[in-house]
Amino acid sequence: MSLPEPTDRVPVDVAVGLLFDADGRFLLCSRPQGKVYAGYWEFPGGKLEAGETVEQALRRELIEEIGVTIGPVEAWRVHLMDYPHARVRLHFCKVRTWTGDFEMREGQQMAWSRLPVQVAPVLPGTLPVLEWLAEEV
Ligand SMILES: Nc1nc2c([nH]c(=O)n2[C@@H]2O[C@H](COP(=O)(O)OP(=O)(O)OP(=O)(O)O)[C@@H](O)[C@H]2O)c(=O)[nH]1
């Protein structure tokens, strides 16, 4: 007998931003205290709210979390990730321009990074992205 899929296994859509500076470095942020995987490094972003597109969610989250208003958003890759606490569909987007000054509004840390990244630990759902980036260079 097959059991119905529990509702917490239905994937939650998450918009994630890869912000690249003029030197080709990308921004990583540490997850704030109080969240699952606190202190792990990830690309900034967050869950879509009802009715939002990925791009709208990314714009909102980056203002809320890191204080910048992003320019054009380039949809890049989609990756499904299963965690014990949730199943997430990660929509990775590249962003090369923004306005405003970086302000870690949730007490995170930020690090402009190159491969191989120097920060640790990195969130499991972020690791494949680093591999994809390594394949691009
Ligand atoms: N922002 C971000 N989230 C990621 C990445 N990789 C990855 O697996 N995730 C997962 O995607 C989900 C994002 O949720 P979140 O808790 O950061 O989102 P949020 O800001 O909307 O949080 P909230 O629920 O407190 O409002 C988490 O389960 C997180 O583990 C990544 O590179 N960046």
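In which sense do strand 2 and strand 3 pair, and over how many bridges? Strand 2 (residues 26-30) pairs with strand 3 in the antiparallel sense, over 2 bridges; two strands count as paired if DSSP finds at least two bridges between them. Within this pair, Cys29 stands opposite Glu42 in strand 3.

The model is a predicted one, in which local features need pLDDT of at least 70 and side-chain atom pairs count only at pLDDT 80 or more, while totals for chains, interfaces and linings use all residues. Residues are numbered from 1 along each chain as its sequence is written.

The pair belongs to an open sheet of 3 strands, with the order 3-2-9 and antiparallel pairing. Strand 3 (41-42) and strand 9 (110-113) are at the edges with a single partner strand each, so one side of each has no neighbour in the sheet. In general, strands of a sheet pair through backbone hydrogen bonds, either parallel or antiparallel.

In total the protein has 2 helices and 9 strands. Helices (H or I, at least four residues) and strands (E, at least two) are DSSP runs, numbered from the N terminus. From the N terminus on, their order is β-β-β-β-α-β-β-β-β-β-α. The radius of gyration is 15 Å, close to the 14 Å given by the globule rule for 137 residues, so the protein is as compact as a globular protein of that length. The radius is taken over C-alpha atoms, and the rule is 2.2 Å times the number of residues to the power 0.38. Along its principal axes the C-alpha trace spans about 55 × 30 × 30 Å.

Of the 137 residues, 26% count as buried, that is, with 20 or more other C-beta atoms within 10 Å of their own, the C-beta atoms being placed from the backbone.

The next topic is the ligand. The ligand is surrounded by 18 residues, of which the closest are Glu42, Gly45, Gly46, Lys47 and Gly125; a residue is near a molecule if its C-beta atom, placed from the backbone, lies within 6 Å of it. Strand 1 (12-19), strand 4 (45-47) and strand 7 (87-95) are the elements that give two or more residues to this shell. Strand 4 gives the most, with 3 residues.

The UniProt annotation "domain: Nudix hydrolase", from an unreviewed entry, covers residues 10-135; such annotations may be inferred rather than shown by experiment. Over residues 10-135 the chain is 17% helix and 36% strand, and the end C-alpha atoms are 30 Å apart.

Conventions:
Buried ≥ 20, exposed ≤ 12 C-beta atoms within 10 Å, placed from the backbone.
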